[in-house]
Structure formats: C-alpha cells, structure tokens
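Hello,

Here is the structure I said I would pass on. My notes on the ligand and on the pocket follow below.

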Amino acid sequence: MRIDILTVVPKLLESPFNHSILQRAKDKGLVEINVHNIRDYSTNKQKNVDDYQYGGGAGMVMTIQPIADCIDKLKSERDYDEIIYMTPDGDILDQKMANSLSLLNNVIILCGHYKGVDERVRQLYITKEISIGSYVLSGGELGAAVFVDSIVRLIPGVLNDETSALTDCFQDNLLSPPVYTRPAEYKGLKVPDVLLSGDFKKIEEYRDQTAYERTKERRPDLLDE
Ligand code: ADE
C-alpha cells in the first residue's frame with residue numbers, strides 16, 4: 001500500500017509512523033507513507049495556502065491551487081483508489097470501514113485545517129470523507145494518523161501473529177475479553193482459575209462469555225448490529 005498525505009503541518013506527522021507496528025510495516029516494505037507539505041505547491045509569492053471566506057465570517061479557508069497541483073502531480077504518477085479528506089463531517093471511522101480500506105493499493109489523504117478546504121476541492125477531487133469521531137480536532141493530521149494506523153495493521157504480514165488482528169476488539173462486533181499476565185495474584189486480586197487450568201475449551205468459553213458480557217454492559221449497540 002502507498003499512502004500520500006497532504007498537510008500544511010507536516011511536523012505533526014513526523015513521529016506517528018516511525019515506531020512500533022507502523023515502522024515495522026514500512027521496514028517490511030508492506031506500506032510506504034509519504035508526507036507532502038501543501039505549502040511547497042503554492043505558486044503565490046508568500047506561499048499562502050489559505051484565504052478569507054467569501055461571504056465573510058471568522059476563520060480562513062484552504063485554497064484550491066496548491067492542493068490541486070499536489071494531487072494532480074501525484075495522479076500523473078500513478079492511479080489512486082481513493083482520495084480521502086479528513087473532516088468532522090465525514091463518515092465515521094469504524095472497524096468495518098478500516099477492514100475494507102485496508103485493501104486499497106494507493107491512497108491520498110488530505111488533512112483539513114482552519115475552516116476547512118474550498119468546497120470545490122471536495123467536488124473535484126475527493127472520493128471519500130472520513131471523520132474519526134463526533135468531535136472537532138484542530139486539523140485532520142491526528143485523524144489521518146489514527147486512520148492510517150487502523151488500516152496498516154490489517155495488511156497481511158504486518159502483524160507478527162497473523163491471528164491477532166482477527167481477534168481484535170470489534171472484529172466480530174464484540175469487545176475484547178479481559179486479559180492477564182504474571183503474577184497470578186497481585187494485592188489479593190487473582191487471575192481467574194480457568195485461565196490457569198490449561199483446558200483450552202474452557203478458556204475459549206470463558207473468553208467468549210466475558211467478551212459478550214463486557215459488550216452487553218459497555219456497548220450494547222454493537223450487539224444490535
Ligand atoms: N478534522 C477535524 N476534526 C476531525 C475529525 N473529528 N475527524 C477527522 N478529521 C477532523
């Protein structure tokens with residue numbers, strides 16, 4: 001998978017992809033992530049990337065020209081499956097969406113800033129709009145980092161234990177069961193006996209049961225889906 005991220009604050013994206021699973025995915029050649037500074041594409045002397053809103057009102061709007069030039073350049077080099085805009089009014093990211101978007105080959109992600117992008121960028125270029133939740137961030141970058149993490153970990157070969165993405169929370173509309181490691185007792189709190197029993201059938205039943213109970217208690221909406 002190749003991911004091209006367009007931003008006016010590239011520094012915000014310097015670290016999230018350089019550690020842990022994401023770094024390993026890059027090292028294995030399973031994903032390539034390129035961050036593009038939209039300002040580098042501004043043809044304007046001051047390298048502006050935003051301007052006042054038509055009709056007045058507080059807040060600046062990201063202009064078309066540098067975004068269009070950057071996307072046009074990328075599109076002239078390869079085909080893209082999706083051009084995604086990170087925005088609070090997009091479709092809300094969930095595991096199902098992450099599963100399907102993890103199958104993409106080439107994707108552009110545009111991070112919004114200020115009051116957002118000129119509507120015509122959305123009309124002309126954007127094929128999908130994603131929100132990471134019903135709250136407003138200062139820009140799309142942190143949302144893009146969350147989204148990229150959620151899809152890259154699902155690419156086959158990225159996780160060491162192939163089954164571990166399949167047993168993730170949400171994969172079957174269930175939250176994860178509680179997990180324990182050593183010591184078997186801490187401040188009087190004991191690990192459930194069944195987990196120490198070595199009886200794998202019973203352990204599986206325990207995990208299914210506790211995952212269900214936890215989902216029913218915390219996220220009953222998932223059980224209705
Ligand atoms: N930009 C600002 N808020 C956002 C959100 N909730 N999701 C994605 N991008 C955003």
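**Ligand contacts**

A nitrogen atom of the ligand has a backbone N or O atom of Leu 137 3.0 Å away, a polar contact (a pair of N or O atoms within 3.5 Å). The protein covers 96% of the ligand's own 260 Å² of accessible area (Shrake-Rupley method, 1.4 Å probe). Strand 5 (82–92) and strand 7 (128–131) are the elements that each give two or more residues to the shell around the ligand; strands here are DSSP runs of E, at least two residues long, numbered from the N terminus. Strand 5 contributes the most, three residues.

This is a predicted model, in which local features need pLDDT of at least 70, side-chain atom pairs count only at pLDDT 80 or more, and totals for chains, interfaces and linings use all residues. Residues are numbered from 1 along each chain as its sequence is written, and side-chain values use heavy atoms, with hydrogens and water left out.

Residues around the ligand (a heavy atom within 4 Å) include Met 86, Thr 87, Pro 88 and Ser 131. By class, the shell has seven nonpolar, five polar and no charged residues; Gly counts as polar and Tyr as nonpolar in this scheme.

**Largest pocket**

The lining of the largest pocket has 10 nonpolar, two polar and five charged residues.

Regards

Notes
Polar contact = N/O pair within 3.5 Å; in protein donor to acceptor, adjacent residues only side chain to side chain. Helix = DSSP H or I, 4+ residues; strand = E, 2+ residues; numbered from the N terminus.
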